[in-house]
Amino acid sequence: EDVPPGDDVPPGLDVPPGEETVEPPVCEGPGITGRVVQVDGSPIGGAKLFLCGVVNGSETCNPRTADDQGFFSFQTLEPGYTHLEVNATLAGVQLGTQFAGYSLGVDLSGPECLDMGQIVLQELSGGDAVVTAVGGTVQIGSLTLEFPPGCPVFPDFSDQGDVGGAMVEVAAAYWAPDGAVLAAAFHPFKAHCPAGVTVRVDGSVGLAAPTLLYNDLDHGGALEAGAMMPDGEGWVLAEAVPDLTWIWVVD
């Protein structure tokens, strides 16, 4: 306030609010780097990342926490890491929302750092209450999920909880398998159903011969659950989806 008009602005005050330069962390390869953000580009600070694989003969998960600008890096890695889990559950609690997560396959065979760019996580709406002991049905857009008794197994091992999610435009998803025409993200992230979830797709979507894939938490990427069968005016894949993170339909 004591700087006369036209004089030099003191260091630190010469950048207009909202225009600060944000620098990503330095990454020394072999490694992996990136930034976790919301759909509008806002950072998701505090997002958890787990880089996993078989390293020196042992299954290993290397944890990181994104900084307050959403940046993360894993540096000077030994060979064997194959997939990156991005989990913003706790960060979402702090922001008062729920985010989708990912288990992404990665190729770290090169000597350089793999830049994942901006990993966009969709914000998800609230869901329906499901009691694990009895199962239940959840409707998300054109998908209907039917949980048998004993499912889902919630991440905190509670007896019941809300299961929800959203249909996501395939082009707007950070990653989707080739040929996907439908994409749906779910919460809570890392909920399981060992017996398999029955998935139905409404016939109004206009599919011809759909195949269902889901996000494989153990290996990253998409794992084919199988071809869907006609079911009245729609399609059904009975008791085949064990991981409730992302579901994609390829037609």
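Predicted model: local features only at pLDDT ≥ 70, side-chain atom pairs only at ≥ 80, totals over all residues.
How many aromatic pairs does a search of the whole structure find? The search finds five.

**Aromatic rings**

- A pair of aromatic rings is described by two things: how far apart the centres are and the angle between the planes.
- Take Y102 and Y174: they form an edge-to-face pair, with 6.0 Å from centre to centre and 65° between the planes.
- This pair links distant parts of the chain, since Y102 belongs to strand β7 (residues 102-105) while Y174 sits in the loop between β13 (160-167) and β14 (180-187), 72 residues apart.
- Y102 counts as buried because its relative accessibility is 0%, whereas Y174, at 23%, counts as partly exposed.
- Y102 also pairs with W246, and here the rings are stacked: 4.9 Å centre to centre, with 15° between the planes.
- That pair, too, links distant parts of the chain: Y102 in strand β7 and W246 in strand β20 (residues 246-250) are 144 residues apart.
- W246 has a relative accessible area of 0%, so W246 is buried.
- Put together, Y102, Y174, W175, W246 and W248 make up one aromatic cluster.

**The largest pocket**

- Rolling a probe the size of a water molecule over the atoms shows where empty space is left.
- The largest pocket holds about 410 Å³ of space.
- This pocket is lined by 20 residues, and T89, L90, V93, P188 and F189 are the closest to its centre.
- Two or more lining residues come from each of β2 (48-55), β5 (81-87), α1 (89-95) and β6 (98-99).
- Helix α1 gives the most to this lining, with four residues.
- By type, the lining has eight nonpolar, eight polar and four charged residues.

**The second largest pocket**

- About 250 Å³ of space lies in the second largest pocket.
- It has 14 lining residues, of which C52, E59, C61, H83 and D218 are the closest to the centre.
- Strands β2, β3 and β5 each give two or more residues to this lining.
- Here the lining divides into four nonpolar, six polar and four charged residues.

**A look at N62**

- You will find N62 in strand β3 (residues 58-65).
- Is N62 buried or exposed? N62 counts as buried because its relative accessibility is 18%, and the cut-off for buried is under 20%.
- The side chains of N62 and R64 are joined by a polar contact of 3.1 Å.
- Beyond its neighbours within four places in sequence, N62 is in contact with L49, F50, L51, F74, L77 and Y81.

Technical notes
Residues numbered from 1 in each chain as written. Heavy atoms only, no water. Buried < 20%, exposed > 50% of the residue type's maximum accessible area, 1.4 Å probe, protein only. Polar contact = N/O pair within 3.5 Å; in protein donor to acceptor, adjacent residues only side chain to side chain. Contact = heavy atoms within 4.5 Å. 1 Å grid on protein atoms, 1.4 Å probe; cavity = no way out; pocket = protein on both sides within 12 Å on 5 of 7 lines; lining within 4 Å. Points joined across faces, edges and corners; volume = space filled by probe spheres on them. Nonpolar A, V, L, I, M, F, W, Y, C, P; charged D, E, K, R; others polar. Phe/Tyr/Trp six-rings, centres within 6.5 Å; stacked < 30°, edge-to-face > 60°.
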